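Please have the structure open as you read.

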Amino acid sequence: SSDLLFSTILDYVDLDPSFIVNYLQDLLNGYKTITSSLKHEVMNVISGIVCVCGEYSREFSDSILQIIWEGSQLTGSDDINIRNSCIQALGNLLVYAENCNEIFDSAIEMILGLTNDNDKYLKDICLKIVEKLIKYRKNK
């Protein structure tokens, strides 16, 4: 997926998370103004940023949580790619940013429910999130 590719690139060039975060607000502003056909790609980049920053994502989770949560709640057939990308970003945020407590239970309930979804791609995303959460919390 593109967030994995983005994460790999950022890991390879070994950028400091604070450098990446400096451009996060520009990405969020772009997300709000671009056409919906590109929003899922921008959200994939945001998801990749969360992965690359890891626990440092706590520093900026408040600035991205609302837009990710809102995107994960989209239900229109035209919004499925955006929703999937937002769910993936939400999962990454839940793994690394423990300050998402206000939505944690609702998010986990939604993600677990989607592991039974008919959409194989969405089901795969959600199963990977659950696996990542378990591994991360177990190793802490």
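## How α4 and α6 pack

Helix α4 (residues 36-53) and helix α6 (residues 80-96) pack at an angle of about 15 degrees, with their axes 8 Å apart. Helices here are DSSP runs of H or I with at least four residues, numbered from the N terminus. Axes are lines fitted to C-alpha atoms over the stretch in contact, and angles run from 0 to 180 degrees between N-to-C directions. The two helices are therefore roughly parallel, a label for angles under 35 degrees.

This is a predicted model: local features need pLDDT of at least 70, side-chain atom pairs count only at pLDDT 80 or more, and totals for chains, interfaces and linings use all residues. Residues are numbered from 1 along each chain as its sequence is written, and side-chain values use heavy atoms, leaving out hydrogens and water.

## Residues in the contact

On the α4 side, the residues in contact (heavy atoms within 4.5 Å) include K39, H40, M43 and V50. Their partners in α6 include I82, A89, L93 and Y96.

## An aromatic pair

The centres of Y96 and Y136 lie 5.3 Å apart with planes at 75 degrees, so the pair is edge-to-face, the term for planes over 60 degrees apart. The pair links distant parts of the chain, with Y96 in helix α6 and Y136 in helix α8 (residues 120-139), 40 residues apart.

Notes: Parallel < 35°, antiparallel > 145°, perpendicular 65-115°, else oblique. Phe/Tyr/Trp six-rings, centres within 6.5 Å; stacked < 30°, edge-to-face > 60°.
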